[in-house]
Amino acid sequence: MKSERLVMDSENQSEDGHLDPSIHAWAQYTSDNNATRSSSATAYVEPSKDNLHVLLNTYVTRVLPAEGTADFRGVEFAADAQSERKQLRANKEVIIAGGVIGTPQILLNSGIGPREELDAVGVRTIVNNPSVGKNFTDQVYTNMMFNTTIQDTDFDLETALAEWNANRTGPLIMPSNLKNQIVWVRFTDNEIPFVDPTPGENSPHVEFYFSQISSHPGFTNGEVPPEAIPTVANLTTIQLALINLHPTSRGTITLNNSDPFAYPNVDPGLLSGDTDFAVLREGIKSVQRLFSAPVFAESVFGSVYPPGSLTTDEELDAFVRAEAAPYLHGGSSASMSPRGASWGVVDPDFRVKQTTGLRIVDASVLFILQPSLPSGHTQAPVYGFVERASILIAEEWR
Ligand SMILES: Cc1cc2nc3c(=O)[nH]c(=O)nc-3n(C[C@H](O)[C@H](O)[C@H](O)COP(=O)(O)OP(=O)(O)OC[C@H]3O[C@@H](n4cnc5c(N)ncnc54)[C@H](O)[C@@H]3O)c2cc1C
């Protein structure tokens, strides 16, 4: 790996040096001190005292303007499609936090979006904003597997569950497939002969997220189908996700019809540009170079997935086209843009452009220009700028 560098000893490391932690890291999990997965619900909502009221099983259908204005301090909601729709009006303001799909869906249903699209599904346009639901960006990845002689990390689920129940230890304190090591890699200009898609010359193009060593291929929704790798049945493989962190392809969220309970169309638009192919293709080569290093000579051999027989750029591109999937780290479907910009959905204070009384605070506002998606996973960065937004908003109403 070209970006890898050794740094000086520290913290009793006995080697001559060790990997710069900005490039190689242990995976961090949002678990609490009881080895239980923590979330925004447990970390923020539960500890809040009596100043927060959450309506359970409630679905926001639209935000509503005051008659004849673009002041969107009203919220329409219902338990489900059959239930009566109710309305609330905020004294101060309304904040939408429906995520990268839910937020543009609420805006579009409320008449905030591209006029032509809204006309086509019979929603009256109140604010014509062509950027709503556009620029949806997700990191794109493919799985990789190599034969190995290393001891597998498989475990018996029932035993592990019993251990976790007894004393909150064991393999179940980690996420699925024992994900633990992460490596970030930046390519040379020769390897990616396109406009740099990353935020800068110290940013990685790809992440290698290592998981289990197992005879079972890691497959969950959309990942490697077991029949795609017939040779794996009697082999133990080391497995990882190769992630393009800064894709240039853009997708869309659009409405199917004017029913707020209908699923929207979600087109992640993956791999619509040459750069994104080149990044995953070079990433595959980079991982293969890593495991061809002498240190792995006795333990890792032969690329199982993609099959080692695929060597040309065309073959690797075909593999990527068939196997890549969204990494579910989406953003930018209601992108922030500079104040006064002719594009974008919210201004730097998270206010929805051309409206009053309405903000968006979630991953949908992630900026589409550099720096775009984080050079890593999205949960913690989203919590970070959401905390910043909460300070901005609180200061304004103090
Ligand atoms: C399967 C999966 C696994 C992930 N794993 C990781 C991980 O391990 N690490 C990591 O860093 N990131 C991970 N991510 C990404 C991370 O979850 C997101 O970046 C983060 O949750 C985004 O926060 P958000 O507030 O924008 O949206 P969300 O967390 O999606 O919150 C939006 C909320 O709004 C609700 N909502 C939507 N529409 C409506 C409506 N009309 N009315 C009422 N409520 C509505 C939704 O139900 C949801 O609760 C994962 C994502 C997925 C999908």
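Let's start with Arg168. Where does Arg168 lie? Arg168 is in the loop between helix 4, residues 157–167, and strand 11, residues 181–185. Look at the backbone there. Phi of Arg168 is near 60°, which is a positive value in a residue other than glycine. Keep in mind that this is a predicted model.

Now compare that with Ser332. Its phi is positive too, near 75°, and again the residue is not glycine. Ser332 sits in the loop between strand 17, residues 325–326, and strand 18, residues 358–360. Buried or exposed? Ser332 counts as buried, because it has 26 C-beta neighbours inside 10 Å.

The peptide bond from Tyr305 to Pro306 is cis, with omega near 5°. Pro306 belongs to the loop between strand 16, residues 300–305, and helix 6, residues 313–323.

Let me step back to the whole protein. There are seven helices and 18 strands. Of the 398 residues, 36% count as buried. Then the contacts. Take those between residues at least 6 apart in sequence: 65% of them join residues at least 24 apart.

Next, helix 2, residues 99–109. This helix is mostly covered, with eight of its eleven residues buried. Which ones? Val100, Thr103, Pro104, Gln105, Ile106, Leu107, Leu108 and Asn109. What covers them? The cover includes strands 4, 7, 8, 14 and 18, along with helix 3 at residues 115–121. Strand 7 is 94–96, strand 8 is 112–113, and strand 14 is 252–254. After helix 2 comes Gly111, and its phi is positive, near 85°.

Helix 2 also takes us to the ligand. Which elements each supply at least two residues of the shell around the ligand? Strand 4, at 59–64, helix 2, and helix 7, at 379–397. There are 16 residues around the ligand. Gly99, Gly102, Asp362, His377 and Gln379 come nearest. By class, the shell has eight nonpolar, seven polar and one charged residues.

On to the strands. Strand 12, residues 206–214, is mostly covered. Eight of its nine residues are buried. What does strand 12 pair with? Take strand 11 to begin with. Five bridges join strand 11 to strand 12, and the two run antiparallel. In that pairing, Ile182 stands opposite Tyr209 in strand 12. Then strand 13, residues 237–244. Seven bridges join strand 12 to strand 13, again antiparallel. Here Ser214 stands opposite Thr237 in strand 13. A general point for reading such strands: in a regular strand the side chains alternate between the two faces of the sheet.

Last stop, Thr42. Thr42 is in helix 1, residues 40–45. How is Thr42 classed, and why? Thr42 is partly exposed, because 13 other C-beta atoms lie within 10 Å, while the exposed class stops at 12 or fewer. Thr42 and Asp32 are ten residues apart in sequence. In space, their C-alpha atoms are 9.2 Å apart.

The cis bond runs from Tyr305 to Pro306.

Conventions
Residues numbered from 1 in each chain as written. Predicted model: local features only at pLDDT ≥ 70, side-chain atom pairs only at ≥ 80, totals over all residues. Helix = DSSP H or I, 4+ residues; strand = E, 2+ residues; numbered from the N terminus. Buried ≥ 20, exposed ≤ 12 C-beta atoms within 10 Å, placed from the backbone. Near = placed C-beta within 6 Å. Nonpolar A, V, L, I, M, F, W, Y, C, P; charged D, E, K, R; others polar. Contact = placed C-beta atoms within 7 Å. Pairing = 2+ DSSP bridges.
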